[in-house]
Amino acid sequence: MGALRRAALALAALLGVSLAGLEVHVGTRLVFSVEGQQAVLPAWYDSHSRNEPYVTWFLNKNAASFQILAYLSKVVKVAETDLKPRMGFVYPMPNHNISIFINATREQDSGQYMCSVNVVDETVRSDENVGIINLTVLVPPAAPTCQLHGNAVLGANVTLSCSSKKGKPSPVYQWQREPPTLQVFFPPAQDRTKGTLKLTNLSLEMSGVYVCRAENQAGSKNCSIVLEVHSTSTKAVIAGAVLGSLGALATIIFFAQKVVGYRRKKRDSQEEGANEIKEDAVAPKTPSWARRPASDTMSKTSTLSSIAGTRQTYGARAPSDTASILTTTGSYRGPPPRGGGRPPNLSPPAVNGTPRRRQDPAAAPVGSLPPSSLARAGAVPVMVPAQSRAGSLV
């Protein structure tokens, strides 16, 4: 049968008559590729003409069709699309094999690819010069995320969830518990489409590592979560610890305020007592002679001179021994006695003709008061001349 057909075709070629027209074939109508890998769309054509073909590839996507690759007059033309740097003819043209390749496939490369062939002087029957291939680019799942929903305490119910944000087709999920206690879960506890696993009536033996695997035709990815079942609520323990710390802090602040207030009150009471003592104290009276005019001071000076003249009977002494002192009350204190003898009993000099009262020897001398006390009492400092060896005032 094949030999007879070839003979007929040869005869038709000699006579210039075409018994069979142009026909395009595809190796498969469905091509799957994993994202990032190469995809090959297989196609070829049959023709009895020796003329070069005019080959065109189109991409039909989202209800639109646009040219992506063409061969005409020994020239290959690639359209300006995102496929341009990644696609081309598998075999050098011209060639009856018109397959194309797409490198580093992407999810958006998915769609319907159509090739069309035309040859000069070739009979074309309806749609036999067109081949159609559907390309699907598979996307492996992205790394899923595992989460725990609920409070893992004794007797409680919790739900483990697993989800992947990427994957074509949509991934399915499988939960299992890792060794040393290996356990695989099935519905209804596990929902493979939603990626959930429900654990009820928790016990301490259910603690462990749980792994979720998201998978599709392009690949798989895993995530894991550690389940720790507690006898009491961790949140309650944390809340109790926080409240205890706050209570201790409040107690410390309270006692600190009490101590500070007590010390402040004690200091204020001491200051008030000192102020009351100062207010109750009576200021010393100012001596009457301190307010007398300057004539009284001159009289005191003359009186001292007369006293110095009468004390010549004690003999001449060194200037340091005969220094005279005038106290704040105007009384005269002679030089100290020699040899432990008693001082002469001298009457105090008269001031302005008025005799002064003898000072009590047992009383403390006024001159022993500090200068600040004398100043508050109204005392006036007086310069007293010293005696010379002759007894005269200097």
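A disulfide here is a pair of cysteine sulfur atoms within 2.5 Å. The model is predicted: local features need pLDDT of at least 70, side-chain atom pairs count only at pLDDT 80 or more, and totals for chains, interfaces and linings use all residues. Residues are numbered from 1 along each chain as its sequence is written, and side-chain values use heavy atoms, with hydrogens and water left out.

**Stop 1: Cys162 and Cys212.** Select both residues. A disulfide joins them, with an S to S distance of 2.2 Å. Check the torsion about the S-S bond: -85 degrees, a left-handed link. Now colour the strands (DSSP runs of E, at least two residues, numbered from the N terminus). Cys162 sits in strand S13, residues 158-163, and Cys212 in strand S18, residues 208-216. The pair links distant parts of the chain, 50 residues apart. Both Cys162 and Cys212 are buried. Buried means under 20% relative accessible area, with exposed over 50% and partly exposed in between (1.4 Å probe, protein chains only).

**Stop 2: Cys146 and Cys223.** Move to this pair. The sulfur atoms of the disulfide are 1.8 Å apart. The torsion about the S-S bond is 75 degrees, so the link of Cys146 and Cys223 is right-handed. Cys146 counts as buried at 14% relative accessibility. Cys223 is buried too, at 12%.

**Stop 3: the whole chain.** How many does the structure hold? There are two. Count the bonded cysteines along the chain, and the pattern reads 1-4, 2-3.

**Stop 4: Cys115.** Finish on this residue. Cys115 is buried, with a relative accessible area of 0%.

Technical notes:
Helices (H or I, at least four residues) and strands (E, at least two) are DSSP runs, numbered from the N terminus.
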